[in-house]
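Thank you all for coming.

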Amino acid sequence: TFSETSSGLRLTVSFPGLLWEFGGETLESPDVVTASGSRNKELLASGDNSGRIRLYSYPVTQPKSLCHTYTGHSSQVTKVTWMADSTRLLSVGGKDTAILQWSLH
């Protein structure tokens, strides 16, 4: 679910027995637009309005959890989703209309 806070947009993603919250760290922080947990429940991917993909290790339990940040889209990421084997992530761009496939190594 998305919620508006005084410091920006916060995204809450829940799996059985776990609640992840991230986003809205500062007023300058990009807003999280989409997120998806891997099917093996090891990773969480998010896409933001600045075209970045962020990859978090499971579980994400702290508001400022460490993540890997990747760029590839020239505008907002409108959707991220994992392939069934959890080794590849698909991301869809907004204005750039690109569909990118990310592979975990």
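**The core and its surroundings**

In this predicted model, the largest nonpolar core is made up of eight residues, namely Leu43, Ala45, Ile53, Leu55, Val77, Val80, Trp82 and Leu89. At least two residues of this core come from each of β5, which covers 43-48, β6, which covers 52-57, and β8. It is β8 that gives the largest share, with three residues.

Is Trp82 buried or exposed? Trp82 is buried, and its relative accessible area comes to 3%. If we leave aside residues up to four places away in sequence, Trp82 touches Leu43, Ala45, Leu55 and Leu89, and also Ser36, Gly37, Ser38, Arg39, Arg88 and Leu104. For Gly37, the separation from Trp82 is 45 residues in sequence, whereas the C-alpha to C-alpha distance in space is 7.4 Å. With Ser36 there is a polar approach to point out, in that the side chain of Trp82 reaches the backbone oxygen of Ser36 at 2.9 Å.

Three strands form an open sheet in the order β8-β9-β10, and their pairing is antiparallel. Why is one side of β8 and of β10 left without a neighbour in the sheet? Both β8 and β10, the latter spanning 99-103, stand at the edges with a single partner strand each, so one side of each has no neighbour there. From one strand to the next, the twist averages 20 degrees.

Finally, a word on confidence. The average pLDDT for the protein is 80, and 71% of the residues score at least 70. Over residues 1-7, however, pLDDT stays under 50, and the model gives this stretch 18 contacts beyond four places in sequence. Residues 15-19 also have a pLDDT below 50, with 12 contacts in the model beyond near neighbours in sequence. Where pLDDT is low, the predicted coordinates should not be read in detail, and I would ask you to keep that in mind when we come to the discussion.

Note on methods: Residues are numbered from 1 along each chain as its sequence is written. Side-chain values use heavy atoms; hydrogens and water are left out. pLDDT is the predictor's confidence in each residue, from 0 to 100. Contact means heavy atoms within 4.5 Å. A nonpolar core is a set of buried Ala, Val, Leu, Ile, Met, Phe, Trp, Tyr and Cys residues joined through side-chain atoms within 4.5 Å. Buried means under 20% relative accessible area, exposed over 50%, partly exposed in between (1.4 Å probe, protein chains only). Helices (H or I, at least four residues) and strands (E, at least two) are DSSP runs, numbered from the N terminus. Two strands pair if DSSP finds at least two bridges between them. Axes are lines fitted to C-alpha atoms, for helices over the stretch in contact, and angles run from 0 to 180 degrees between N-to-C directions. A polar contact is a pair of N or O atoms within 3.5 Å; within protein, one must be able to donate a hydrogen and the other to accept it, and residues adjacent in sequence count only if both atoms are side-chain atoms.
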